[in-house]
Amino acid sequence: MADPTLPPDRAGLAAELALGLLEGPDRAEALRLCLSDPDFAAEVEAWGHRLSPLLDATPQHLPSHRVWNAVEARIADRPSTGQVRSLRLWRGGAIAAGAIAASLALVLVIPRPAPEGAQTVGVSQLADAQGGATMAISYDPQAGVLRLGPNGLQSGTKSPELWIIPEDGVPRSLGLIGADGGKLAVEARLRQFLRDGMTLAITLEDPATAPHKAPTSIPILTGKISII
Amino acid sequence: MYSCSVGDAANGVAVARIVDSDAQNARARLVSALHLTASGDRSGLRHVYDLTSAKLFGICLRISGDREAAEDILQDVYVKVWRRAASFDEGLASPISWLAMIARNAAIDWRRTQARHDAADDDALCTVADGAPLADALMQQDEARRRLLSCLDGLDIRQSDAIRRTFLGGLTYQELAERMATPLGTIKSWIRRGMQGLKECLGDG
């Protein structure tokens, strides 16, 4: 299952994170490891599978109707029709797995600011639906900087461009990203969009004219931001 | 077990087969509702909700210890399911395990953002029995559960107690040390050794 070569300390930390024992800086550090160390992430997930039968015996309780009503309201997604043509195309692409290179699940973790101004670091992970390519991103909301892992997405004369798509369905360019990853400063006006439920996407574009007002191609990677 | 020949149909076997078939049907229904959800169909999510909300609410309630908070967490859980349904992989986890872990993790996250908890809440929660049999066909992971419980029973009682209380109660190390009136260092060693032992027993070590 998980890589047996994980050093004992890391294996112990993975077990502690899976159990939910960690808090504060220890938890932030373990969440960071989830992104930078695939073996570590696999071990945390493996613990979830091992322990989940314990949840079987939790007594059931009926929630009130307000829960579903609230869920329904929150998933209602009605961007104005004039703006969503390209987004529809994108969504169509994201759903038909064969139409794009990979469909990514993006998880962006932004811990609440700790008291006394302790450092706040967000981390995120991109993994494709086939469990193949993964791409790690961390976001520091204080500095407004995204840190991107290597992605190898360079393709001939085209370069990967990262987009954020908020509720209005209009993609906004966050800028070009290097095939080797690196840092990407997010423009102040775009930082408000880096939050739960927003879509991120990567298209291949002409680097000479970037950043672009709109994407010219179907994204090769897409994912929703989920703040855990 | 599903392929038992008709000749085997002694009562016990027949009952087991009916239950298994219910479990399989329930699982298949949930998987197809998740697929529908992944395609962006809200009726799929509604179906997932109908099949699992009582179960997931029980988990949120158990860990948060607060009905109102548990309903807020449950809301977040189904919004997460809506967004992540496409990443569900039937080959890696049963659908209910996948959902249960999302609910548990969301409840743990909620607790980690809260200040200190009322100790009475935790004590009350820890008295909830963990061994109650479940009629719900969806929850049948009998084999996995039996194996896990047997491995937990094989551990030092203090180790298994610490693991159960943590996983089901959402405690931090500090809280666990307080509940068990044991120094933090000792607790950490119980957890790490216990988890290592558990992994070896489950055959993943």
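Modeller: In α7(B), the residues B:Arg158, B:Gln159, B:Ser160, B:Ala162 and B:Ile163 meet B:Ile187, B:Trp190, B:Ile191, B:Arg193, B:Gly194, B:Met195 and B:Gly197 of α9(B), where contact means C-beta atoms, placed from the backbone, within 7 Å, and helices are DSSP runs (H or I, at least four residues) numbered from the N terminus. This is a predicted model, in which local features need pLDDT of at least 70 and side-chain atom pairs count only at pLDDT 80 or more, while totals for chains, interfaces and linings use all residues. Residues are numbered from 1 along each chain as its sequence is written, and chains are lettered from A and ligands numbered from 1 in the order in which they are written.

By class, this contact of α7(B) with α9(B) has six nonpolar, four polar and two charged residues, with Ala, Val, Leu, Ile, Met, Phe, Trp, Tyr, Cys and Pro counted as nonpolar, Asp, Glu, Lys and Arg as charged, and the others, Gly among them, as polar. The axes of α7 (residues 157–169) and α9 (residues 184–201) of chain B come within 8 Å and cross at roughly 90°, which makes the two helices roughly perpendicular (65 to 115 degrees, between N-to-C directions on a scale from 0 to 180, with axes fitted to C-alpha atoms over the stretch in contact).

Turning to the surroundings, 55 residues of chain B are in contact with 44 residues of chain A, and α7 and α9 are among the elements that give two or more residues to chain B's side, although α2(B) gives the most, with 11 residues. That side divides into 27 nonpolar, 14 polar and 14 charged residues.

Technical notes:
Parallel < 35°, antiparallel > 145°, perpendicular 65-115°, else oblique. Contact = placed C-beta atoms within 7 Å.
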